[in-house]
Amino acid sequence: MSDRSVTPTDAKPWQSIEQLAGTLPPAGEFAAGITEAPHFSSNVSRRGFMALLSASMALTAAACRRPIQKLVPTVKSLQVATPGLPMDYTSVWTNGNVAYGALVRTREGRPIKVRGNDQHSVNRGKASAAMQASLLSLYDPDRIRRTRVNSGQASLENAVVKIADAVSEASAAGKKAVVLTDVHASPSWAALMTEITAAAPAVTFVTVPAVVEDASAMATRALLGVDGELVPDLSKAAVIVSIEADFLGTDPLALYHTGRFAQRRRPGFSDAPMSALHVAESQYTLTGANADARHILHPAQFEQVLAIIEKTIGGSNVGSDIAPSATGSVVSIGEKLASALRSAPAGQAVVLVGRHCSPRAHAIALAVNNTLGAMGTGSILDPAHVLPNSGVKQPAIDALVDDMASGRVHVVIAANVNPEYSGSREFKSALAKVPVRVALNLYEDETAGICSISVPTAHWLETWGDAVAFDGTLSVRQPMIAPLNEGIPGVEDTLIAVTKKLNAAFLGETADYYTYVKNRWTALLGASGNAEAAWTKALQDGVVPQSPTPNTVVLNVASASALPTSGLTQGKVVVALPALSVGSGADANNGWLQELADPVTKITWDNVALMSPATAVALGLAPSKEAKDVVKANESVVTLTTAGGSIDVPVWVQVGMADDVIATQLGYGRTKAGSVGTAVGSNAYALAERGGVTSYRTLSGVRPTGKKHRVATTQSHHTLDDGNGERSSIARTVSTADLASGRLPDLNPHYIDQGEDKNGNYKVPLSITPDYKYKGHKWGMVIDMSSCTGCSSCVIACQSENNIPVVGKDQVLRGREMHWIRIDRYYRGDMDNPMTVVEPMLCQHCDNAPCENVCPVAATTHSPEGLNEMTYNRCVGTRYCLNNCPYKVRRFNFLNYHDGKEKSPLDLVFNPDVTTRMRGVMEKCTFCVQRINDAKYHAKDAGRARVLDGEVVTACQEACPAGAIIFGDTNDPNSAVSKARIHERRFQVLAELNVRPSVTYLAKVYNTDKKMLPESGGH
């Protein structure tokens, strides 16, 4: 157990244990393996090529059918489809029961980009990585194409009749027909389930999500009488204490929390003070990586430290029976955290607890928040802001398991859930006893594999629906395209058809789910006047603002004593949480997400057993805690065993973790995910006991197998270090104490330049060539590292916008990932509990670009507007530019990643405004030049010579939940980017090289009264 508060340091940043040990493998342009000749793909004849091309064109034409119902574009979009021009439509994307407003761009009837709807109050126009990557899943060729009954293809009508007959048999025998559903946020779906149950009493619905986390709802129900999870507003918090709550990472609300958290993380000399984040955890989460002070605890100590906080602050005694068991070090940490909470203004401090922690831990936190004044109408925790359908679920699941095991269930219909993959051993054993099993899903997955009937369902971009956010905001889900598998409806339409077979009077004249949703909405909106006009406006805006019903609660402390504790003791424990990339497993076949590096570990295409250096030594995987020895433990396969089961998983030593704690990730180990996700990683759900896996479990065994498994990690790729540790202008950090001093000279060292201006700022460095005068636009970017959390939304936004290929695990192992923007993660300090800083890195569009000088064919040149441009058809692949780039942001197409062989309809995902590159061509960030040109065309149409500030928004800027990226014209002194470029926290990465980058960074700020920068400046 240890703590890390930010301390003054000028220690060099390091990215990996190998780098710390000085054992980095060779990297760079000419490293071993990088230049090996690849095996190229096939020799298709010209006739064969033309046949494939014709088939592709036919499939494209067939696929881009519009839905038969009327869709309404946004007000800002074209209102009539025009060939070659995009149209934008609103919709809503849900992450379980969390609703985020979506804006979907279409071209010729096919969706090509998913963005956030800026009118939605929860995500405010921003989009997470998973939200954007869902576009790729729409075009996944591995989706189910045909309905199956037993082992043969059948019509949808035949399958519906078979399901209805089975339900009738269940009813006649006095047994149940159970529909398994996921958590959701749809009022219409909830109403339809109620009506189906009324029309067909044998049918019941049970919510069986992949991850069951009831602890928060149990505590809220016991103490406040609210069966659900309260959603905090972190923009109102001056001090946040997180006990294992990864609200910036794995939390389904991370997109919402990131935006609110970042609002108070942009300090300057004259700005308001920033919020303070204190984290106590056993893993190294993304939230912990953003902490101002981080404490390492064993999971058995979480309740103890909360009890000490409660005791120190006073006002309640929910944890009074736990506090006496706390050791001295835990008491010290608890008192420090309590002191931080008390330092905040009244009502501006909050304690958050991880979803996987015990109900008692959540109860103590509720009591503390009530004492701090953080709970109440308009406060950080507003009792009216309850996550939809977030009530306690495990009792109903337990009852279902008992019913299935005892033969009381005749039919199970899995509706977009996959319990054969994610369920516990007991659940799967009981499910196997059900006579009739039906799967309604996008894929022929593990559950479909044990079902006699499998019906494909529609993607969210193909179906109508609706959703309500925790703050009451309502949204309609519009389909952007008719189902690619023609004639295949969504889950709701299939169940409506089944129920109509059972009860002909069901829903009367309502034939489909679209009509059902529209009827409900027009009834809701018609009270204010013209219902049809209100419906059209709801489709245009994508939102109907509604306020939640106010809820006044009274804390019932006495009921907390009955809530269970974790029951953990000091010893080896394991926890498995959804992966930051593929989540709980539904997105396992999404290549964009599989190749997205975890922002903390930088691992792709795998899950691993994360453990501390000391734990690796204790298991005999490393001879000592020295960095050069610890790295030997990586990739060693161990068998993890709990009372629920066991898995084999490779080890990865993670600095800053608690000893005796092993953390792994859910979402991997799929056996029937598709061509991308099958057999990737290990299925950590196998560790589950009854009640799920996402709480800490005692390990009954950790056994090294003696085997090795290659792990694809990007943490040592594309390092900016010059090999001698001389790069100091990387990932700069300051503290609030530094800001209080009123001067930060060390952020902008004084190199050989033209002296200082009247404000004491250094001028442009000297050059042997005259400066180019940019007379028109001069594009530039500012990235605020203090508000950036490393969430990686920008990486997927760039990939989707610019047709960046997925290269696969083997190529990532060779250092050939193609992302145009990467999130560099640096540590400072020792391995026990280092501090972390993340630095997004992309092409810097240098005014003095070293890549331009060395290209023998002038394929990379500088534009009159300051862009470093690539002429793809001129590039011959010498890679001199890659070798000469100090930022290592250029990517080379070693293989034909875009060779025209994509299975239909996967080829429809490409953005037609951006070229798809071929083998042998260099590529990199273009500052979304296609968007710049589009804005210039619109300005010309409006009779303007210049683009106005804010009219060009790059893909990464558009998606960033933290608002950390600013882009615009630096020749406009009033533009947002120009004002940000003179911020006191500004610095340029590798400024000492005099390449004059067009990207300016604002240094990461830690909220501490200890200085981060040395006292004096340097030359």
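First, the ground rules. The model is predicted, so local features need pLDDT of at least 70 and side-chain atom pairs count only at pLDDT 80 or more, while totals for chains, interfaces and linings use all residues. Residues are numbered from 1 along each chain as its sequence is written, and side-chain values use heavy atoms, with hydrogens and water left out.

Let's start with a sheet. Which order do its strands take? This open sheet has 7 strands, running β6-β5-β17-β16-β15-β7-β8, and the pairing is mixed. Two terms here. Strands are DSSP runs of E, at least two residues, and helices are runs of H or I, at least four residues, numbered from the N terminus. Two strands pair if DSSP finds at least two bridges between them.

The edges of this sheet are β6 (152-154) and β8 (203-207). Each of them pairs on one side only. From one strand to the next, the twist averages 25°. Look at the β6 end. Strand β5, residues 147-149, pairs with β6 over 3 bridges, in the antiparallel sense. Thr-147 has Ala-154 in β6 as its bridge partner.

Now the helices on that sheet. Helix α5, residues 187-199, packs on the sheet and touches β7 (176-181) and β8. Contact means heavy atoms within 4.5 Å. The direction of α5 makes about 145° with that of β8. Axes are lines fitted to C-alpha atoms, for helices over the stretch in contact, and angles run from 0 to 180 degrees between N-to-C directions. Helix α12, residues 394-405, lies across β7, β8 and β15 (409-415). It runs at about 135° to β15.

Stay with α5. Which helix axis does it cross at roughly 110°? That is α16, and the two axes come within 10 Å. The pair is therefore roughly perpendicular, a label for angles of 65 to 115 degrees; under 35 is roughly parallel, over 145 roughly antiparallel, and the rest oblique. On the α5 side, the contact is made by Pro-187, Ser-188, Trp-189, Ala-191, Leu-192 and Glu-195. On the α16 side, the residues are Tyr-513, Tyr-516, Val-517, Arg-520 and Trp-521.

Helix α16, residues 513-525, also packs with helix α17, residues 531-541. Their angle is about 110°, and their axes are 9 Å apart. That makes α16 roughly perpendicular to α17. Which residues of α16 meet α17? They are Tyr-514, Lys-518, Trp-521, Thr-522 and Leu-525. Facing them in α17 are Ala-531, Glu-532, Ala-534, Trp-535 and Ala-538.

Next, strand β24, residues 646-653. Why is it called largely enclosed? Because 6 of its 8 residues are buried. Buried means under 20% relative accessible area, exposed is over 50%, and partly exposed is in between, with a 1.4 Å probe and protein chains only. Strand β22, residues 609-611, pairs with β24 in the parallel sense over 3 bridges. There, Leu-610 has Trp-652 of β24 as its bridge partner. Strand β23, residues 636-641, pairs with β24 in the antiparallel sense over 5 bridges. Val-637 stands opposite Pro-650 in β24. β23 and β24 form a hairpin, with 4 residues between them.

On to the other sheet. This open sheet has 4 strands, in the order β37-β30-β39-β38, again with mixed pairing. β37 (965-969) and β38 (986-987) are at the edges with a single partner strand each, so one side of each has no neighbour in the sheet. β38 pairs with strand β39, residues 999-1002, over 2 bridges, in the antiparallel sense. Arg-986 has Leu-1002 in β39 as its bridge partner.

Now cysteines. How many disulfides does a search of the whole structure find? It finds 0. A disulfide is a pair of cysteine sulfur atoms within 2.5 Å. The closest cysteine sulfur to that of Cys-788 is in Cys-960, at 6.3 Å, too far for a bond. Cys-788 is buried, with a relative accessible area of 9%. Cys-885 is in no disulfide either, and the nearest cysteine sulfur, that of Cys-851, is 6.4 Å away. Cys-885 is buried, with a relative accessible area of 9%.

Last stop, Thr-1008. This residue is in the segment after β40 (1004-1006). Is Thr-1008 buried or exposed? It is buried, with a relative accessible area of 11%. Thr-1008 and Thr-736 are 272 residues apart in sequence, yet 5.7 Å apart in space, C-alpha to C-alpha.
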